[in-house]
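Q: Please take a close look at one part of this model. I would like to see how its side chains pair up and what they pack against.

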Amino acid sequence: MKGAEAFRVALVTAGSDEEAARIARALVEERLAACVNIVPGVRSIYRWQGKVEDDREVLMVIKTAADALDDLEERVRALHSYEVPEVIALRIDQGSGPYLDWLAGSVLPSSE
């Protein structure tokens, strides 16, 4: 088993359920992510191009390997409709051994 520090949770927002599902499916099919949870009903208030915006979005919670992050971000940027998609990764400090083993086996090693 790899240590928990070898894994990340990435957060990505999308403008619709359909877009989130399309991105999530591609990431899992391409083995850049082991699992993507899609959380609808997120309200985002943010500054964009000098204005404060208030929009409904969908949050993707993506479980992946740390060494897959660069490829995952590149793929999200290619698939996403936003000019600047959010891709924020959080380190996993601890996790269930069997779950981490499954995660490790579900994400392909980086193609560096």
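Q: Take helix 3, residues 97-106. Which of its residues are buried, and which elements do they pack against?

A: A note before the details: this is a predicted model. Start with the buried side of the helix. In helix 3, the buried residues are Leu100, Leu103 and Ser106. Viewed down the helix axis, the buried residues fall within an arc of 125 degrees, so they line one face of helix 3. Their packing partners are strand 1 and strand 3.

Now the aromatic residues. Helix 3 also holds tyrosine 99 and tryptophan 102, which sit 3 residues apart, about one turn of the helix. An α-helix has 3.6 residues a turn, so residues three or four places apart point the same way. Tyrosine 99 and tryptophan 102 form an aromatic pair, with 5.2 Å centre to centre and 50 degrees between the planes. The geometry is tilted, because stacked needs planes under 30 degrees apart and edge-to-face needs over 60. The count for the model comes to 1 aromatic pair. Tyrosine 99 has 34% relative accessibility, so it counts as partly exposed. Tryptophan 102, at 39%, is partly exposed too.

Next, the nonpolar cores. The largest one has 18 residues. Inside this core, Leu27, Met60, Ile62 and Leu72 have the most contacts. Strand 1, helix 1, strand 3 and helix 2 each give two or more residues to the core. Helix 1 gives the most, with 5 residues.

Beyond four places in sequence, isoleucine 62 is in contact with Arg8, Val9, Ala10, Val12, Leu27, Ala33, Cys35, Val36 and Leu72.

Threonine 13 lies in strand 1, residues 7-14. At 7% relative accessibility, threonine 13 is under the 20% limit, so it counts as buried. Its side chain makes a polar contact with the side chain of glutamate 86, at 3.1 Å. Outside its sequence neighbours within four places, threonine 13 is in contact with Glu57, Val58, Leu59, Met60, His80, Tyr82 and Glu86.

Last, the charged pairs elsewhere. The whole structure has 5 salt bridges. One of them joins glutamate 19 and arginine 22, at 3.7 Å, N to O. These two are 3 residues apart in helix 1, about one helical turn. Glutamate 19 is buried, at 8% relative accessibility. Arginine 22 is partly exposed, at 42%.

Another salt bridge joins glutamate 30 and arginine 75, at 2.8 Å, N to O. This pair links distant parts of the chain, 45 residues apart. Glutamate 30 is in the loop between helix 1 and strand 2, and arginine 75 is in helix 2. Glutamate 30 is partly exposed, at 33%. Arginine 75 is partly exposed as well, at 27%.

A further salt bridge joins arginine 91 and aspartate 93, at 3.3 Å, N to O. Both arginine 91 and aspartate 93 are exposed.

Key: Residues are numbered from 1 along each chain as its sequence is written. This is a predicted model: local features need pLDDT of at least 70, side-chain atom pairs count only at pLDDT 80 or more; totals for chains, interfaces and linings use all residues. Side-chain values use heavy atoms; hydrogens and water are left out. Helices (H or I, at least four residues) and strands (E, at least two) are DSSP runs, numbered from the N terminus. Buried means under 20% relative accessible area, exposed over 50%, partly exposed in between (1.4 Å probe, protein chains only). A polar contact is a pair of N or O atoms within 3.5 Å; within protein, one must be able to donate a hydrogen and the other to accept it, and residues adjacent in sequence count only if both atoms are side-chain atoms. Contact means heavy atoms within 4.5 Å. A nonpolar core is a set of buried Ala, Val, Leu, Ile, Met, Phe, Trp, Tyr and Cys residues joined through side-chain atoms within 4.5 Å. Rings of Phe, Tyr and Trp (its six-membered ring) pair if their centres lie within 6.5 Å; planes under 30 degrees apart count as stacked, over 60 as edge-to-face and the rest as tilted. The arc is that of the directions from the helix axis to the C-beta atoms. A salt bridge is a side-chain nitrogen of Lys or Arg within 4 Å of a carboxyl oxygen of Asp or Glu.
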